[in-house]
Structures are given as structure tokens and as C-alpha cells.
Amino acid sequence: MHQVIQAVILGLLIGGVYALMASGLTLVFGIMRVINVAQGALVILAAYLSYALFSHAHVDPFLSVLIVTPAMFVLGVLVQIVFVRSLRGDDAEELSLLVTWALALGIEGVLSVIFKTTYRATSPSYADKTLTVFGYQVQFVRLMAFVGSAALLLVLSLLLTRTKFGRAVRATVQNPTAATLLGVDANRVQTLSFGLGVSMAAAAGAVYGVIYPFNPGSHYDLISRLLSIVVLGGLGSLGGAVVAALVMGVTEAVVAVEWQPTWASFSYFIVLIVVLLIRPQGIFGVRERAL
Amino acid sequence: MSRTPARLAAVAAAGTLVAVAATAATAGATRAGAGPIKIGISLSLSGDFSDSGKAAQRGYKLWAKVANSHGGVLGRKVQLVIQDDTSSPTQAQTNYQNFITKDKVDLVFGPFSTLLTAPSAAVANRYGYAFIEPAGGGPAVFQEKLHNVFFTQPAPVLQSADVFVKFLSSLPKSQRPKTAAYPSLDDPFSSPIADQVRALLQKKGVKTVYKTIYPSETTDMGPVIQKAASKHPDAIIGGTQNGDAYAQVKAMVQQKFSPKFVFLTNGPNDPAEFPSKVGAKNVNGIFSTGDWFPQEKSFGNAAFVKAYVKAYGGSSATIDPSSAEAFAAGQLVQEVAAKTKSIDNKTVISTLHKGTWKTVEGNLRWNSIGEPQGSDLLMEWIGGKLYPVYPKALALHKPLVPKPGWGSK
């Protein structure tokens, strides 16, 4: 039992970071119906930025979130304006998939040229610190990453529920046409939301590099996980993304410890398939009505 | 007799076969003349293997530069014809086909990695070319049983960790591990090496308490190490590549699990990267293997290291072994030329199959299918530096046993 509880702790802590990454993806999908498959590459880009700040300017990776996040918010806004906004017509959703995939490959290429393909890791002095709580080990950096992710998700949630911008976002999610008729500037909402989605990836990326070694190709694995989290949680649902990420983290950790790591990812996908058979819209997703 | 389309096609096919056979028969012969010796090399200068491909390129170019500064080979300058294969096996095959049939090079050297070497060696074999190759040591290369292949490292990949077993066997019985855990990456160059070690150690009475293979997308080694640690093994023996090796060590450190022996097939053998990934204070006592190291007293190694640093900067510690492996390919051609006064491919193949050949990679000899018959070096991190510690004759430091706790010297 001790082993299982230890695995659950490991899974919950890492699930929190995945929740932060996935929150940006689900937010952007909810508002624009854009599946941003560059989200994983943006996480890795942020991991490199944080790594560079740590290596060259000795900026603590957790503090680097304060620099990396706004910088990548601006990048996200520019990407939306230049690449995504111009997509029109019935094919816009499918085209956005291709455009963001091209963006992911572009980011990977640039990172490979600048940083080469060798693995990097951001290793502050406390990287190896472990706390023992009631006989269970809790890695300090994972705990920090979890707490930071939870705090940012709370801020994002408050932003969406307690501000005028948040109301505009939710109105656009529910009915873009009605929102526009009521005076919501849909273009502005979409642009800022895309930037917000990218900045969530940035915050998660900055701490990702402290937990895992990474290289430019690490985004392929990330995006497959993030997409499955968003689908399990329900496309466009922030709460769903959080729950799904935690389910993924815990399922994988427990299966790896109690059974075999080979089946860790597979077991999560079994959970995903079962949920989708029962609730095709995902845990918290809303079933779209046919017109 | 009427000429039906089927008959015409048969005649054309027969003609083509004759033409190909004639080309193949003559292509392997060295073209006489006073021009430069052209050597075709396909390298991964872009794509997944580009870092290692570029390191091999530095080794090849350095050898050509050094050879030319000494008058070339058999009085002819060496000219390398290098083409990027974008890390693609198909492109590598095309490149070698072009080197031989269009560029009409005198010799070819191998590309980077088993994935590209196996199909490329078959192309060279078809035309009777020797295939001296620095980086294709996996089973796929030797399964073809080609007589023209010569791998310029001391041991094939699958046997690369046998030296660790020999080292453990050399220890007093009280110091040897009694139990071992084998967490390995699902990769043809990782888990089979650990399996080989496990089979050998089991025969010597080392009990396997845990073994698992994790998929390449496993980023979190926490659960894997947690399970291994729960079995309290004396040794962790991991078939790893760099990324998962770093993650395994980090997980062990974070979980305060410090076994008496840690051996990882790849990762710790990268002196430039390993300390920065796992923390310089966590490297000591960790074993890996290597085919080359800068201080090795092998043939021409000191001159190679000196010339490399002069040409490319940095220090001896930053030299990628891929550069030395490529350099060794050139050394072999020089030695064959000195011995036989020929670089004819047939001569190169038959000559290299006899005897032992001195290179920066040590003294090399091969069986009939190009598998080297030597042993890799056992490397260990001691005092923050990576040293060869076994076999004794090549050791530069006494082994550190058992592994000190994390954060200790």
C-alpha cells in the first residue's frame, strides 16, 4: 500500500504541471475551435528560455516564470494575429491544425540550431531536495511545480469568472455570434486568449525543465499527452483539463509501479476510451447540439 | 521467330543485368592515376543524428587534413566527397549509389548510426567496395553477414557492456553485488545490452530482483526507480540512452536511493553533458562504457587530440568519440596502403581481414562479418572526472567501489 500511495503522490504532483500545459490548449480550443498542436513545442521553447536565463543570468527557474510568461504572451498574440486570424471559411479549423503544426516544427528547428539536439536540464541547487512527509517522499521541485501550477490555474479561473474580459471570453465560447452582437470584440478576445493559452504553456515549460531533461524533439510526446488530456476532460473545459491531467498522472504512476511502465501510457488511454464510450463529450465537456 | 514484347523485355532485362554486373565488377577496382584519392561519405549533417554526424565529419576532415599535410596516401592527396543524408537511410543509400556510380570515388567510409549503416553497407557490397564504418555497431549491420564491413570500434554494441561483468567478476567475492535490478529503455541499442549483462550475471549467481522495459516516451522515471528501489538491489544496471539515463539518476537522487553499483549503458559516458544534467556532485561512482577516451595510449591518439584541439578549439574533454571513430577509419586506409602499396577495394577488404590494426580506437581486428573482436573500456566517474578503470592495462584510475552516497566525493 505504501508503494501505491507513494505513486499516487508522484502522479498528482506531475499531473498538476500537465494541467497547466493543457489549460492553454483547452482555452484556445474553447474560444476559437483551434487545436493548437504547437502547445507542446511552446512548452519546450519556454523550457529553453528558462534554461538560458538560469545558465547565463542565474535567474531562478521558478522566478523566470515572471519573465518567460509575459514574453511568450506577446509571442502568442503575434502568432494569432499573423498566422491564425487570417484563416477564414469553413476549413479554418482544419487549416489551423496545419498552421500550428508548422509552427511546432519551426520552433523545433530553431531550437535545434541554437541549442543543438543534446538534452538540457535546468538544475538549481535545490533540484535534488526531497521532503519526507509521514514517511512518504515528496520531491521539492515537483511540489513547487504543483503549487505554482495550482496558483496559476486559480488566477486563470478567476480571470475567466470574475473579470469583464473573462465574461467576454465565456460569452464567445458559448455563442460567438451573440457575443459579437452584444458588443464583444471577438477578434480582441481571440487574440488575447491565444496569448493567454501560450503564456500558460510558457509557465509550465519554465518548470518542466527543472523536472525533466528535454531536447527540441520532446514536444512530440508532450502534445500527444496534452491532446488526450483535453479530450478526456472535455474540449474547452478548464476544470476537465485539470481533472484529466491528474487522472493521467496518477494512472500512469500507479500502473508503472504496480505493473509495468510499458503499460503506463496504455492504461491511461484505456481510461480515456472508457470515458469517451460513456461520455463522448469528455468528463466535463458539453455535448454540442446538432442544428 | 517473332519478337514478342515479353521476349523483348526478357532480352532487355538480361542486358541490364549484364551491364550492372559489369559495373559492379569494375567499380570496386581503384582507378589508377595521379589525381586525388576520392572518398565518398554520407553524413547526417541535418536531422536527428546531426550532432553526431557533424562530430564524425570533424574526425574525417581532420584525418584528411593530417594525411594531406604528410603527402597524402600513396603520394596522392585525399579528397573527401561528403553529402548530407538528412539522417535518412534512404538518402544515405542514394548517396552511396551516387558516390560509386556517378562520382566514381576510390573508396567510401560509413555514415552515422546503425540505422543508416546497414542499408549503405549493402550498396557498397554490391559494387565490391570496402565499407569501413565508425558508427554502425548494432546487430542490423552484422546480420547481413557482409564481408566488406569493418566497424572501427573495439566491440559490437551488444557486447559493449560485457566488460562490466568481467570487472565485477574480478572483484573479491565480498564486494560483488548479490542482487541487481535492470530498468531499460525499449530501444534496440539499450535493453538488449542490459539483457546480455543480466544473462551473464545470472550465470555468476547475481539474482535479478527486478527488470522492466519502459517505452521511449517515458519522461518520468520516478515510478520506475521507486519500484526498483523497493526491491533493494545492490546494483542498478540500466540499458539507457542519454535522456532516460539522466532521468534515472535524477530519480535515484531525489528518492535518496543509492545502490552499491550504478551502471548505465549510455549517458554517463558523455563527459561534457552528464554532470550538468544530473548535478556534478551526483556523478561519482557511476559506471558506463566507452570505446575511446582522450588520454588513451592508443596508436596516434595523442597527435589526434592535439590536432583536433588545434583545428576545432575546446579541450580534449570536449571531443566527441564519434570524431575519433571516424579518424580511425582513415588510419586503417593509410595502414593498408603502407603495407600493400594499394588502396584497391579488394585489397583493402582482404588485407583488413588479416591481423590486428592499430588505430586511435585501440588495436582492432574483425571476424569475417566485420564484428570487432575486442572489448570496450569500463569508465567510472571518480572525483568529478570520467576515467577508464578496466581492463587494468588501460586503466587510468583505481575503481571506486562501492558507489559513494549521492553528493559525496
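Which backbone oxygen lies 2.8 Å from a polar atom of the side chain of B:R76? Select B:R76 to begin. The backbone oxygen is that of B:G35. A polar contact is a pair of N or O atoms within 3.5 Å; within protein, one must be able to donate a hydrogen and the other to accept it, and residues adjacent in sequence count only if both atoms are side-chain atoms.

This is a predicted model, where local features need pLDDT of at least 70, side-chain atom pairs count only at pLDDT 80 or more, and totals for chains, interfaces and linings use all residues. Residues are numbered from 1 along each chain as its sequence is written, chains are lettered from A and ligands numbered from 1 in the order in which they are written, and side-chain values use heavy atoms, without hydrogens and water.

**Stop 1: two loops in chain B**

Stay on B:R76. It lies in the loop between α2 (50-69) and β2 (78-84) of chain B. Helices (H or I, at least four residues) and strands (E, at least two) are DSSP runs, numbered from the N terminus. B:R76 counts as buried, at 13% relative accessibility. Buried means under 20% relative accessible area, exposed over 50%, partly exposed in between (1.4 Å probe, protein chains only).

Next, select B:T318, in the loop between α11 (301-312) and α12 (321-340) of chain B. B:T318 is partly exposed, at 46%. Its side chain reaches the backbone oxygen of B:S315 at 2.8 Å.

**Stop 2**

A salt bridge is a side-chain nitrogen of Lys or Arg within 4 Å of a carboxyl oxygen of Asp or Glu. A:R225 meets A:D221 at 3.1 Å, N to O. These two are 4 residues apart in helix α9 (residues 219-233) of chain A, so about one helical turn separates them. A:R225 also meets A:E252, at 2.9 Å. That pair links distant parts of the chain: A:E252 is in helix α10 (residues 238-258), 27 residues from A:R225. A:R225 is buried at 7%, and A:D221 is buried at 16%.

**Stop 3: across the chains**

Select A:R142 and B:D220. They form a salt bridge, with the closest N and O atoms 2.8 Å apart. The pair crosses from helix α5 of chain A to the loop between β7 (207-214) and α8 (222-230) of chain B. Both A:R142 and B:D220 are buried.

The structure holds 29 aromatic pairs over all chains. Select A:Y119 and B:Y246: this pair is edge-to-face, 6.4 Å centre to centre, with 80° between the planes. Rings of Phe, Tyr and Trp (its six-membered ring) pair if their centres lie within 6.5 Å; planes under 30 degrees apart count as stacked, over 60 as edge-to-face and the rest as tilted. This pair also crosses between chains, from A:Y119 in a loop of chain A to B:Y246 in helix α9 (residues 242-254) of chain B. A:Y119 is partly exposed at 28%, whereas B:Y246 is buried at 1%.

**Stop 4: charges over rings**

Select A:F140. A:K129 lies over its face, at 4.7 Å from the ring centre. A charge sits over a ring if NZ of Lys or CZ of Arg is within 6 Å of the ring centre and within 35 degrees of the ring normal. Finish in chain B: the charged end of B:K403 sits over the ring of B:W406, 3.4 Å from its centre.
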